[in-house]
Amino acid sequence: MTLFAFASTLEFTRMFPGLIPPDSEISQVTDKVIPLAVNGEVIGSAAILGVGLLEFATNLSRLLSRKDELCITDVILVGICGAYKNRGLSVGDVVRVDSEIVGDLGVQERDGSFVAWSRIGGGDIVQYESASLDKAPRWVAELRGASGLSVNCCAGTDQLAESRALLFDCDVESMEGAACFSVCKAFNVPAFEIRAVSNLVGNRDKSSWRIPEALAALRNCIFSA
């Protein structure tokens, strides 16, 4: 059975209202696997695993250690993201993120420039990838593919957004994708990631965010599958 993995209660409750109280603390739901049904048909289960690389990885690992008991066959990470400018994406677009790079692991030089940790020792930037698309549900495989950057601190300026997009050549920015792909690979569980663009990454302006619209687009994508 597919596990739909969410980072936040906001994302889950906006897409599947009524299944948990909207003011639930994350500690109350991270050990819970919630059945999901569309039009009376069970399409999988869901879990809310926490925001950011560390909490998401920890709680996903706890669930996958019980994968046989919980009948988890594959994982689809579902959420919102910001899109870097000039990458051909618009607010409301739903994409399948096929690869992730950890974007804020490294050092800042005195001039303010960023050096990825993997390059300090002369290595390549580590890329985490989804499972092969031949293992994906058709509706996931048919989505537009994108490359992602996983960060614990989202960009809030045009300068940082532009430098990240240039350095890592990525389309979207979010906070958990690399953790999902890495943990699922360790447990030999196929993993995929779908996200809806809620904003363009740049100077932080919450008035331009379209979170409800992005989550509605995600809900429509899943419900029409």
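Analyst: Let's start with a pairing: strand β5 (residues 94-102) runs parallel to strand β9, and seven bridges link the two. To find one of these bridges yourself, go to Arg96, whose partner in β9 is Gly145. Keep in mind that you're looking at a predicted model.

Now for β9's other pairing. Strand β10 (residues 172-174) is also parallel to β9, joined to it by three bridges. Here Ser150 sits opposite Ser174 of β10. To get from β9 to β10, follow the chain through helix α7 (residues 158-168): together, these three pieces form a right-handed β-α-β unit.

So is β9 buried or exposed? Five of its seven residues (the strand covers 144-150) are buried, which means the rest of the structure largely encloses it.

Next, let's look at how the nonpolar residues group together. The largest nonpolar core has 27 residues, and Phe4, Phe6, Val78 and Ile194 are the ones that touch the most other members. Several elements supply at least two residues each, including β1 (2-6), β4 (74-83), β11 (191-200) and α9 (211-223). The top contributor is α9, with six residues.

Leaving out residues up to four places away in sequence, its contacts include Val78, Trp139, Leu143, Leu218 and Ile222.

Technical notes:
Residues numbered from 1 in each chain as written. Predicted model: local features only at pLDDT ≥ 70, side-chain atom pairs only at ≥ 80, totals over all residues. Heavy atoms only, no water. Buried < 20%, exposed > 50% of the residue type's maximum accessible area, 1.4 Å probe, protein only. Helix = DSSP H or I, 4+ residues; strand = E, 2+ residues; numbered from the N terminus. Pairing = 2+ DSSP bridges. Right-handed = clockwise from strand over helix to strand, strands pointing away. Core = buried A, V, L, I, M, F, W, Y, C linked by side-chain atoms within 4.5 Å. Contact = heavy atoms within 4.5 Å.
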